[in-house]
Amino acid sequence: MNGQITGHAILENVRRYRGIASLYRQTAAFRPDQSWSLLEQAKDWEARALLELEAYFAARMDYAPTRAA
């Protein structure tokens with residue numbers, strides 16, 4: 001595998017990151033004094049998930065065979 005993460009592992013990471021973000025949002029609903037901080041952390045986890053997905057699809061596009069027009 002040459003140190004590359006498989007598509008399944010990347011999607012699992014994205015699922016985990018989004019789960020963590022969801023927990024931060026839920027906690028923010030019950031802790032109004034900390035809500036801004038918690039929501040900022042949720043935003044950071046969502047951004048991490050998006051970056052991972054973008055990198056995965058960019059890498060796939062780099063290795064995709066070109067089609068003849």
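Select E46 to begin: E46 is partly exposed, at a relative accessible area of 25% (buried means under 20%, exposed over 50%, and partly exposed in between, with a 1.4 Å probe and protein chains only). The model is predicted, so local features need pLDDT of at least 70 and side-chain atom pairs count only at pLDDT 80 or more, while totals for chains, interfaces and linings use all residues. Residues are numbered from 1 along each chain as its sequence is written, and side-chain values use heavy atoms, with hydrogens and water left out.

**Around E46**

The side chains of R25 and E46 form a salt bridge at 3.4 Å, N to O (a side-chain nitrogen of Lys or Arg within 4 Å of a carboxyl oxygen of Asp or Glu). R25 is in helix α1 and E46 in helix α2, so this pair ties together parts 21 residues apart in sequence (helices are DSSP runs of H or I with at least four residues, strands are runs of E with at least two, and both are numbered from the N terminus). R25 is partly exposed, at 37% relative accessible area.

R18 counts as partly exposed at 37% relative accessibility.

**Along helix α1**

Select R15 and E12 next. Their side chains form a salt bridge of 2.4 Å, N to O. Both residues lie in helix α1, 3 residues apart, about one turn of the helix. R15 is exposed at 51% relative accessible area, whereas E12 is partly exposed at 22%. The structure holds 4 salt bridges.

**The nonpolar core**

Which residues make up the largest nonpolar core? Select I10, V14, Y17, A21, A42, W45, A49, L53 and Y56, 9 residues in all (a nonpolar core is a set of buried Ala, Val, Leu, Ile, Met, Phe, Trp, Tyr and Cys residues joined through side-chain atoms within 4.5 Å). The elements giving two or more residues to this core are α1 (7–30) and α2 (35–63). Helix α2 gives the most, with 5 residues.

Pick out A42 from this set. Leaving aside neighbours within four places in sequence, A42 is in contact with A21, Y24 and R25 (contact means heavy atoms within 4.5 Å).

**Rings and a charge**

Show Y17 and W45. They form a tilted aromatic pair, 5.5 Å centre to centre with 45 degrees between the planes (rings of Phe, Tyr and Trp, the last by its six-membered ring, pair if their centres lie within 6.5 Å; planes under 30 degrees apart are stacked, over 60 edge-to-face, and the rest tilted). Y17 lies in helix α1 and W45 in helix α2, so the pair ties together parts 28 residues apart in sequence. Y17 is buried, at 17% relative accessible area.

**Last stop: E52**

Select E52 in helix α2. E52 touches I10, N13, V14 and Y17, not counting residues up to four places away in sequence. E52 is buried yet has no salt bridge, and the nearest side chain of opposite charge, R48, is 7.1 Å away (Lys and Arg count as positive, Asp and Glu as negative; His and the chain ends are not counted).
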